Amino acid sequence: MANIPADLKYLDSHEWARVESDGTVTIGISDHAQGALGDLVFVEVPEVGKSLSKGGAAAVVESVKAASDVYSPVSGEVVAANDALSGSPELVNSDPYGAGWLFKIKPSNTDELQQLLDAKAYEKVVADAH
Amino acid sequence: MGLKTPLYDTHVAAGARLVDFGGWDMPVNYGSQIEEHHAVRRDAGMFDVSHMLIADVTGARVREYLRYLLANDVAKLKESGKALYSCMLNERGGVVDDLIVYFINESWFRVVVNAGTRDKDIAWLKRFSDQFQVEIRPRTDLAMIAVQGPNARAKAATLVGQYADQALQLKTFVGREFGKYFISRTGYTGEDGWEIMMPVADAPKFWSDLKAAGVAQCGLGARDTLRLEAGMNLYGNDMDENLSPLESGLTWTVAFDPPERDFVGRAPLEAQRAGGVPRKLVGLILDDRGVLRGHQRVVTPAGDGEITSGTFSPTMEKSIAFARVPAATGDRVEVDIRGKLLAARVVKYPFVRNGKPLVS
């Protein structure tokens, strides 16, 4: 059973978002998503300074099996990207909510955060996928 | 719900991730696909290949029949048990399927064909069988497990009792019946190993005994990365009914000699050979970061080509592929990955054999 932390927000396309104390939002893919993709071998993160819009393609994760787009849960500017993933993409598999984070955004519209799924709603998305 | 092999419940109980493959519910991986891949390159791994179809072809004129039906020439098979890889072509020279054929005796050959094409293949085999008075008998009473890797034979031999010594003496590309087993020294990984056919009812226990003997369970995911590293074509990806073996890296499997042997598809292949084959299948290595995938566009000075199979090679830790490109393509190409053109090198394959990279 995939791990779905209660304190995070989610998209039904399997991204998670965590609001940090400084107001930035950290984004990654869920444990369910990494499990479905299998061993990751390549991650392309967005450049710092890039403007992203909610729901737009922001990053690419590739496993041995397939390539998959990662969508941004909120609009805003990229303020950090996880460069460790270029040498160690497997961090997304081993620690999807920690060392396997993808990028951080400074949100331009915090109302968008309210539109994300909570853990309970995301659990239902995962259950229905089976 | 798809078709199920006799090991389906075993895979479910092992927590395998299942996918549809040619209409069959098959395990794609049990845990880490890369670890399964390394298990085969470094030690021993096993694959359920019971979805493939085994068929016995019998009759006094079976050799003559297969010499007409297959593009490779079963006249090469002189020693009992010897196997041959061949394409079966249509009248246009396209590939109906690729298969392994075993010569057992002068009135009995055995073929093993792909899972996704089995109905089509049986129909094709039967189309010519009356003419040569041969019988085609699908062996759905048999399951098949491939055990592959440098330690695969030693580990599997502990399970075949009195036959172990004789089975260990099988030469490469030879198969023989040993009681209820048919063991052949063949595979689809570029490693040493066996493919073992057995009664359906025996398969679950044989699988769990192999696991207890230290053989890793491996899914279709690892099977695909292993075969691509080993430079082996996959039907439906790298060749199909609309492509000739000459355009698919399989010229070596077509026996044009002796010239008097007629076989289905010979005339169009001769014409293509005389007129110049327009495209070729090549190996690619991507030095940039990224992953080559099937259907990506390959850009060359001689025109565009296409990737037919691409993946990340766990052994080489970079991306490799097969691509069909214009015949005049040199040693550098570019590949269109999500709108970016990345440089790739054209190399000879296989990429990896017996655990070692052959190209870098």
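Guide: What follows is a walk through a predicted model, with the general idea placed before the particular case.

Visitor: Let us start with chain A; how many helices and strands does its secondary structure come to?

Guide: Chain A has 5 helices and 9 strands, and reading along the sequence gives the pattern β-β-β-α-β-β-β-β-β-α-α-β-α-α. The radius of gyration of chain A is 13 Å, close to the 14 Å that the globule rule gives for 130 residues, so chain A is as compact as a globular protein of that length. Its C-alpha trace spans about 35 × 35 × 25 Å along the principal axes, and 49% of the 130 residues count as buried. Among the contacts in chain A with a separation of 6 or more, 63% are made by residues 24 or more positions apart.

Visitor: How should I think about the place where the two chains come together, and what area is buried between chain B and chain A?

Guide: The size of an interface is often given as the accessible area lost when the parts come together. Here the area buried between chain B and chain A is about 1,300 Å², with 47% of it given by carbon and sulfur atoms. Arg289(B), Arg293(B) and Arg338(B) supply 43% of the area that chain B buries against chain A, more than any other three residues. Counted by contacts, 16 residues of chain B touch 15 residues of chain A.

Visitor: Which residues is Arg17(B) in contact with, leaving aside its neighbours within four places in sequence?

Guide: Arg17(B), which is found in strand β1 (residues 17-21) of chain B, is in contact with Gly35(A), Ala36(A) and Lys65(A), and also with Met26(B), Pro27(B), Val28(B) and Asn29(B). Arg17(B) counts as partly exposed, at 33% relative accessibility.

Visitor: Now for the sheets: in what order do the 5 strands of the open sheet in chain B stand?

Guide: Strands of a sheet pair through backbone hydrogen bonds, either parallel or antiparallel. In this open sheet of chain B the order is β5-β6-β7-β4-β8, and the pairing is antiparallel. The edge strands, β5 (83-89) and β8 (135-138) of chain B, each pair on one side only, and neighbouring strands are turned by 30° against each other on average, direction ignored. Between β6 (residues 95-105) and β7 (residues 108-113) of chain B there are 6 bridges, and Asn105(B) stands opposite Trp108(B). Helix α3 (residues 62-69) of chain B lies across β4, β5, β6, β7 and β8 of chain B, running at about 35° to β7(B).

Visitor: Which strands make up the closed barrel of chain B?

Guide: The barrel has 6 strands, running β14-β17-β16-β15-β18-β19 (chain B) with antiparallel pairing, and its twist averages 40° from one strand to the next. Strands β14 (residues 279-286) and β17 (residues 318-326) of chain B are joined by 8 bridges, with Ser319(B) as the bridge partner of Leu286(B). Helix α8 (residues 220-229) of chain B packs on this sheet, where it touches β16 and β17 of chain B, and its direction makes about 120° with that of β16(B).

Visitor: Which way do the residues of strand β3 of chain B point?

Guide: In a regular strand the side chains alternate between the two faces of the sheet. Along β3 (residues 45-48) of chain B, Gly45(B) and Phe47(B) point one way while Met46(B) and Asp48(B) point the other way, and all are buried. Strand β3(B) pairs with β9 (residues 142-148) of chain B in the antiparallel sense over 4 bridges, and with β13 (residues 216-217) of chain B in the parallel sense over 2 bridges.

Visitor: Finally, where is the peptide bond cis, with omega near 0°, and which residue other than glycine has a phi near 80°?

Guide: Most residues other than glycine have a negative phi, and most peptide bonds are trans. The bond from Asp257(B) to Pro258(B) is cis, with omega near 0°, and the bond from Tyr349(B) to Pro350(B) is cis as well, with omega near 10°. The residue with a phi near 80° is His295(B), which is exposed, with a relative accessible area of 67%. Arg338(B) also has a positive phi, near 50°; Arg338(B) lies in the loop between β18 and β19 of chain B and is partly exposed, with a relative accessible area of 41%.

How values were computed
Residues are numbered from 1 along each chain as its sequence is written. Chains are lettered from A and ligands numbered from 1 in the order in which they are written. This is a predicted model: local features need pLDDT of at least 70, side-chain atom pairs count only at pLDDT 80 or more; totals for chains, interfaces and linings use all residues. Side-chain values use heavy atoms; hydrogens and water are left out. Two strands pair if DSSP finds at least two bridges between them. Axes are lines fitted to C-alpha atoms, for helices over the stretch in contact, and angles run from 0 to 180 degrees between N-to-C directions. Contact means heavy atoms within 4.5 Å. The radius of gyration is taken over C-alpha atoms; the globule rule is 2.2 Å times the number of residues to the power 0.38. Buried means under 20% relative accessible area, exposed over 50%, partly exposed in between (1.4 Å probe, protein chains only). Buried area is the accessible area (1.4 Å probe) that two parts lose on being put together, summed over both.
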